[in-house]
Amino acid sequence: MASGLNDYLNEQFNIEPKDIRTYSPLTLAYIGDAIFDVVIRSILVNKGNTAVNKLHQRASSIVKAPTQAKMAAALMDSFTEEEADWYRRGRNSKPHTKAKNATTMDYLEATGFEAVMGYLYLTGNMDRICELVRKGIEALQLDILD
């Protein structure tokens, strides 16, 4: 039986798992962005029925690059050595897109944060994702958990 969503999907679609070390940090950031979005949206939705436009506004204010950059800064001391390495690799990568509504530095730091989320997701560590997201929410004093 699969241990996490990614393992489950690989099993369902007959995909052979790949070595995480073969992935670029931008690929990890790509899936990490989506996973972070799903975690935030899930928290908001599971708190009770709310107008969709309010859900979207709240989620968008958290998953945007400037907030992710602040979250990464707040979590830096909490990252394991491997997480910090993926963060640095993501932050130092050369994305082929421009930051919209964010400074270049915020965008790069957000990419590093997303790379960590992607790494944790692909290695089946949702517990660690939730732990880091909770710490980040608390550190930034976001009212999402109230």
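The following dialogue asks what the labels placed on this predicted model rest on.

Tutor: The model is predicted, so local features need pLDDT of at least 70 and side-chain atom pairs count only at pLDDT 80 or more, while totals for chains, interfaces and linings use all residues. Residues are numbered from 1 along each chain as its sequence is written, and side-chain values use heavy atoms, with hydrogens and water left out.

Student: What makes residues 7-142 a unit with a name?

Tutor: The name comes from a record: an unreviewed UniProt entry lists "domain: RNase III" for residues 7-142. UniProt positions are given in the numbering used here, feature names are shortened, and annotations may be inferred rather than shown by experiment. In the model, residues 7-142 are 70% helix and 0% strand, with the end C-alpha atoms 31 Å apart. Helices (H or I, at least four residues) and strands (E, at least two) are DSSP runs, numbered from the N terminus.

Student: Why is Asp33 called partly exposed?

Tutor: Buried means under 20% relative accessible area, exposed over 50%, and partly exposed in between (1.4 Å probe, protein chains only). Asp33 has 31% relative accessibility, so it counts as partly exposed. Asp33 lies in helix H2 (residues 25-46), and the UniProt annotation "active site" (unreviewed entry) covers it.

Student: Which residues does Asp33 contact, leaving aside its neighbours within four places in sequence?

Tutor: Contact means heavy atoms within 4.5 Å. With those neighbours left aside, Asp33 is in contact with Gln68 and Glu114.

Student: Why is Arg128 called buried?

Tutor: Arg128 has a relative accessible area of 10%, so it counts as buried. Arg128 is found in helix H7 (residues 126-139). Not counting residues up to four places away in sequence, Arg128 touches Ser78, Phe79, Thr80, Glu83 and Leu120.

Student: What makes the pairing of Arg128 and Glu83 a polar contact?

Tutor: A polar contact is a pair of N or O atoms within 3.5 Å; within protein, one must be able to donate a hydrogen and the other to accept it, and residues adjacent in sequence count only if both atoms are side-chain atoms. The side chains of Arg128 and Glu83 are joined at 2.8 Å, and a polar contact of 2.9 Å joins the side chains of Arg128 and Glu131.

Student: How do you know that a space is a cavity and not a pocket?

Tutor: On a 1 Å grid over the protein atoms alone, a cavity is a set of points where a 1.4 Å probe fits but cannot get out, whereas a pocket is an open set with protein on both sides within 12 Å along at least five of seven lines; lining residues have an atom within 4 Å of a point. Grid points are joined across faces, edges and corners, and a volume is the space filled by probe spheres set on the points. The structure holds one cavity of 30 Å³ or more. Its lining is Gly4, Leu5, Asn6, Asp7, Tyr121, Gly124 and Met126.

Student: What is the volume of the largest pocket, and which residues are closest to its centre?

Tutor: About 550 Å³ of space lies in the largest pocket. Of its 20 lining residues, the closest to the centre are Asp33, Ala65, Thr97, Tyr107 and Glu114. H2, helix H4 (65-75) and helix H6 (104-122) each supply at least two residues of that lining.
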